[in-house]
Amino acid sequence: MSLFSLARLVTAGDRGSWGRLLGMAGGVAVGVLLLLLLWGAYNGLATRTERSTWTTLIYGVTEQVNDPAAEPLTDSRVFASTVSDYFAGRTISRVDIASTPSSTVVVPGIGRPPAIGTYYASPALIALIDAHPADQLGARYGTRAGVIADTALASPDSLVVVVGLAAGDLDPGRAASYSSDATIGVWAVERFGGSAFPSIGYRTVAIIGAIAILLPVLILVGIVTRLGAAARAERFAALRLIGATPRRVADIAAAEIGATSLVGAIAGAILAWLLIPVAAQMRVGDGRFFHADLTVAPVTVIVVVAGVVAVSTAVAWWRTASAGIGPLGVTREQSERRPSVLGVLPLFAGIVTMLSATVAALMHSPLPATDIILIMGFILISIGLITSGPVLTFWVARLGASAARSPAGVIAMNRIRQHPRATFRAVSGLVAAVFMVSVFSAAITAVAAESAPGNGPGLLPLTTVVARLGGPPDSAKSSTAAASQVAQVTGVTGAVVAYYHPDEGIIVTASDAAALGLPVHEGARYVHVHSDYLNGGTPQVAPETSPGTAPAMLLVATDGTTSAIERARTAILLSGVKLSLPPGTRSEQAVSTLQTWANRYASLANLGILVATLISAVSLAVSTIAAILDRKRVLGLLRLMGMPVSTVRRIVLAEAALPLATVFALCIGLGFLVAWSILAGLTEGNRTISWPEASYYHALAASLLLAAAAAVGTFRTARKKTGLTVTRFE
């Protein structure tokens with residue numbers, strides 16, 4: 001009989017065989033789909049960051065300029081500064097550029113720098129400008145000269161504007177924004193450049209995050225390729241009985257898995273391509289992805305498909321060849337080889353590796369290539385969790401077997417002792433998910449999660465626009481003139497110039513303090529206000545005998561409408577007054593403070609939690625189906641001997657609960673350890689972790705509910721598949 005005939009006999013014998021093959025193909029398709037989307041997202045994240053970070057001015061060929069009005073401009077360099085602007089709570093990245101008319105410097109997405117009084121804006125910002133009156137937004141930038149191309153934008157939602165100014169109008173004392181990655185002052189730029197990652201630390205975090213999501217995907221592919229292993233073993237035994245050699249049986253198994261995984265991998269690649277428009281709608285950091293960001297190169301798709309098929313085929317051949325399938329006896333359940341204690345070594349090695357790098361960093365003597373050491377430690381721990389699971393499950397089952405008294409407990413514990421790998425494999429996807437979710441959730445806590453700014457009596461209203469002034473000490477007259485000009489804007493209810501206090505805080509007149517709602521001591525002409533008031537704190541005021549001399553800020557009260565706030569902001573920017581920081585409300589300042597690289601990566605951690613949980617759900621569903629197919633004969637024999645269905649259900653529940661309970665706490669603890677080691681090791685202790693938010697405990701509860709649902713889902717099938725017809729061959 002030919003190999004094709006034998007394969008057809010095994011793979012297409014009945015409806016169940018076709019269902020098993022479709023299940024394997026579907027699981028492989030899901031795995032390849034996730035692999036390609038995750039690969040595209042990882043590369044897309046780096047690409048979009050590299051496209052957009054040119055606005056920070058720190059990744060190109062630059063040199064800081066102290067006095068742009070005094071230094072000459074040349075065709076080979078421009079003067080540039082970057083600052084954050086705001087509109088309706090959204091942050092706008094503004095780059096001001098001074099250049100010669102014949103400048104040869106190429107501005108990303110634009111080409112030649114804009115002329116004085118003109119601007120280029122991103123499509124999303126142009127749509128925003130066109131949708132609102134000029135005095136609210138468009139008038140801030142001058143005359144529109146063109147559109148910034150997508151090649152210089154992180155996202156279709158990016159709000160970016162490049163404005164042409166005279167060199168003397170660039171302020172070297174102006175800070176870019178409130179965020180920690182701000183650049184300050186004016187820079188001479190010969191070439192703009194970007195960076196895929198803001199630092200080695202964030203690149204390390206991105207790599208670890210990619211590995212963390214990849215592991216559950218690989219586990220899923222491994223689980224689905226073993227779907228119906230017991231049913232295949234019975235058919236292979238039948239082939240041996242009619243004369244097939246062990247090698248021929250292994251070839252058939254490899255051909256079956258190879259063909260099935262090829263169909264599934266191709267289907268997964270097609271699905272990944274079709275779902276790119278949907279995945280691109282996902283918002284990360286600055287906004288959505290461009291479709292091109294998630295598109296994987298054809299060569300990469302071919303490599304992924306070929307790799308999945310090759311690995312699945314090779315593993316299937318090796319498993320069948322090493323199983324020792326013979327014509328007799330293999331239809332009886334055989335015990336697995338006892339797991340070796342060596343399976344725990346990768347886990348210990350990973351823990352030691354990560355702790356060594358972290359402790360050295362905390363002692364301010366970081367090891368060479370700390371980032372690589374941490375990545376290797378994380379990989380070892382991830383692999384160690386999977387390899388040590390069967391070992392720990394076996395030890396716990398052996399202890400449980402000695403203490404078991406009920407029939408269900410005795411049978412379940414002893415079966416786990418005989419099949420620790422198969423038992424743990426059923427929950428390995430969930431184990432990996434719990435570990436990864438713990439890593440992501442703990443890492444998120446390193447980002448300072450500030451609560452929404454408070455608002456109420458005595459506090460600086462959230463509708464007050466604060467403009468921090470940066471002019472010379474003799475600019476009091478120009479600041480007062482600017483306040484008077486802004487006060488005439490529709491929707492503005494008052495404008496106050498505050499002066500620096502010699503110690504801390506600001507000085508305002510008594511009438512201005514009363515207008516701000518501050519308590520004023522009787523007879524006081526001036527009031528000293530502590531700086532906490534400007535950040536939303538309770539006002540601390542004291543009488544002051546003399547006014548300040550240097551203007552500190554302009555406080556503009558509005559009627560609270562968005563149009564009034566934006567008109568006031570535009571009027572401040574056009575008043576000619578020097579600013580050290582862009583005008584904004586307290587709520588906008590809080591949002592800008594949180595717009596750091598750490599927060600952007602925190603949003604990716606939330607995405608990782610979602611993906612890991614979803615993959616674990618699919619893995620559990622497939623494992624449940626596999627457990628039913630592989631154990632229906634054993635459960636049928638128990639029913640044949642008179643065991644009640646309720647006892648069978650308790651056996652199934654115990655076999656599902658024990659391996660998960662064995663490593664559940666370990667996964668959580670290791671997840672926190674890994675997150676702490678990565679953050680502390682990369683920052684020399686400047687960042688650490690704290691207790692996670694409630695969403696983490698919700699994710700854990702969801703994982704346990706998935707496990708319970710998977711176990712309970714087998715009850716009905718266990719009863720249906722363990723009738724007399726299943727054991728009639730006995």
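Me: At what angle do the axes of helix α13 and helix α19 cross?

Reply: They cross at roughly 30°, and the axes of α13 (residues 420-444) and α19 (residues 645-683) come within 7 Å. Before we go on, this is a predicted model, where local features need pLDDT of at least 70 and side-chain atom pairs count only at pLDDT 80 or more, while totals for chains, interfaces and linings use all residues. Residues are numbered from 1 along each chain as its sequence is written, and side-chain values use heavy atoms, with hydrogens and water left out.

Me: What is an axis here, and what counts as a helix?

Reply: An axis is a line fitted to C-alpha atoms, for helices over the stretch in contact, and angles run from 0 to 180 degrees between N-to-C directions. Helices (H or I, at least four residues) and strands (E, at least two) are DSSP runs, numbered from the N terminus.

Me: What is α13 called relative to α19, and why?

Reply: The crossing is at roughly 30°. Angles under 35 degrees count as roughly parallel, over 145 as roughly antiparallel, 65 to 115 as roughly perpendicular and the rest as oblique. That makes α13 roughly parallel to α19.

Me: Is the crossing of α13 and α19 left-handed or right-handed?

Reply: α13 passes α19 in a right-handed crossing. A crossing is right-handed if the near helix is turned clockwise from the far one by less than a right angle, and left-handed if anticlockwise. By class, this contact has 21 nonpolar, 3 polar and 1 charged residues (Ala, Val, Leu, Ile, Met, Phe, Trp, Tyr, Cys and Pro count as nonpolar, Asp, Glu, Lys and Arg as charged, and the others, Gly among them, as polar).

Me: Which residues of α12 and α19 make the contact?

Reply: From α12 come A408, I411, A412, M413, R415 and I416, and from α19 come T647, R650, I651, A654, E655 and L658. Contact means heavy atoms within 4.5 Å. These residues divide into 8 nonpolar, 1 polar and 3 charged.

Me: How many aromatic pairs does the structure hold, and what makes W54 and F192 an edge-to-face pair?

Reply: There are 3 aromatic pairs. Rings of Phe, Tyr and Trp (its six-membered ring) pair if their centres lie within 6.5 Å, and planes under 30 degrees apart count as stacked, over 60 as edge-to-face and the rest as tilted. The centres of W54 and F192 are 5.6 Å apart and their planes are at 90°, so the pair is edge-to-face.

Me: Why is W54 called buried?

Reply: Buried means under 20% relative accessible area, exposed over 50%, partly exposed in between (1.4 Å probe, protein chains only). W54 has 2%, so W54 is buried. F192, with 9%, is buried as well.

Me: Why are F378 and F435 called stacked?

Reply: Their ring centres are 6.1 Å apart and their planes are at 20°, so the pair is stacked. F378 sits in helix α11 (residues 370-403) and F435 in α13, 57 residues apart. Both F378 and F435 are buried.

Me: How do you know that T358 is buried?

Reply: The relative accessibility of T358 is 0%, so T358 counts as buried. T358 lies in helix α10 (residues 345-362). Leaving aside neighbours within four places in sequence, T358 is in contact with L374, W676, S677, A680 and G681.

Me: And what makes E50 partly exposed?

Reply: E50 has a relative accessible area of 44%, so E50 is partly exposed. E50 lies in helix α2. E50 and S195 are 145 residues apart in sequence, yet 4.4 Å apart in space, C-alpha to C-alpha.
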